[in-house]
Amino acid sequence: MSDVSTDLIAANLAGVQSVIAAACARAGRRADDVALVAVSKRKSVAHILAASQAGVVHFGENRVEEMQDKRQLVMDSATRQIKWHMIGHIQSRKARHVRNLFDTVESIDSLKIAHKLSESIIESKQPPLTVLAQVNVSGEATKGGFEASGWESDRDLFTALAGTLRKICDLPGLTLTGLMTMAPFYDEPEQTRPVFASLRILRDALLHETGIALPELSMGMTNDYPVAIEEGATMVRIGRAIFGERAY
Ligand SMILES: *Cc1c(COP(=O)(O)O)cnc(C)c1O
């Protein structure tokens, strides 16, 4: 843990922030329209504290167990506010732990898990949890989320998705505020643009045709976040550009 370079993390962070600012400028957007979520999965408590010290507020983790191991250690030592984002698939049997661990769940990928989470929150009389629905607009089989590839030309798919999102909106334990997606990995980041544009256009269509308002768009990772910002991301989830490569 002592091998964490606080200076390197701070320098990486400053680099990412300037790339975010430049992408916002190109898109005619304000830099503070885009929230940075530092993805700290498989990184140590010391990494998280270093980023917090450098000014990061939002952290992303993708496993309930790992968050259970790290959360209290971070919270005991952090001197600044920290908000935790769940960005990975949640197994049903872990749903009851989620509200105590996370401030936002970006990865709602089934109506079943949405129900489970809402139920556990209502039962334990906790305040509603802010959630995003993860949507697979690229059709890549390895990416999770509600199936939505080709929604532009498939009215039934759009209607079914809108119906599911409406049901999530109606759950008393959850507050649905947006959509999240992952683009396939491409060597050339520009190739991700249609994926991100598709999520934005889907969001706009949901508002105009069904009245479901989803202002947040979580899209963009280390490889492709400038493109995602140009296409309307309000949250980017960045791991490696801040913390370095992950060891598996
Ligand atoms: C790991 C992960 C990220 C961050 O990826 P990097 O390439 O490290 O920036 C973003 N989103 C999700 C859902 C992830 O699992």
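1. Lys125 is exposed in this predicted model, with a relative accessible area of 74% (exposed means over 50% relative accessible area, buried under 20% and partly exposed in between, using a 1.4 Å probe and protein chains only). Lys125 sits in the loop between helix H5 (111-123) and strand E5 (129-136), where helices (H or I, at least four residues) and strands (E, at least two) are DSSP runs numbered from the N terminus. Its phi is near 55°, a positive value in a residue other than glycine.

2. Arg42 also deserves a look, for its phi is positive, about 60°, although Arg42 is not a glycine. Arg42 belongs to the loop between strand E1 (35-39) and helix H2 (45-53), and is partly exposed, with a relative accessible area of 31%.

3. What is the nearest side chain of opposite charge to Asp224? It is Arg237, 7.0 Å away, and Asp224, although buried, has no salt bridge (a side-chain nitrogen of Lys or Arg within 4 Å of a carboxyl oxygen of Asp or Glu); for charge, Lys and Arg count as positive and Asp and Glu as negative, while His and the chain ends are not counted.

4. Asp224 is placed in the loop between strand E8 (216-218) and helix H8 (225-230), and a polar atom of its side chain lies 2.7 Å from the backbone nitrogen of Met221. Apart from neighbours within four places in sequence, Asp224 is in contact (heavy atoms within 4.5 Å) with Ala183, Pro189, Thr192 and Phe196.

5. On the basis of these points, residues are numbered from 1 along each chain as its sequence is written, and side-chain values use heavy atoms, with hydrogens and water left out. Because the model is predicted, local features need pLDDT of at least 70 and side-chain atom pairs count only at pLDDT 80 or more, whereas totals for chains, interfaces and linings use all residues.

How values were computed
Polar contact = N/O pair within 3.5 Å; in protein donor to acceptor, adjacent residues only side chain to side chain.
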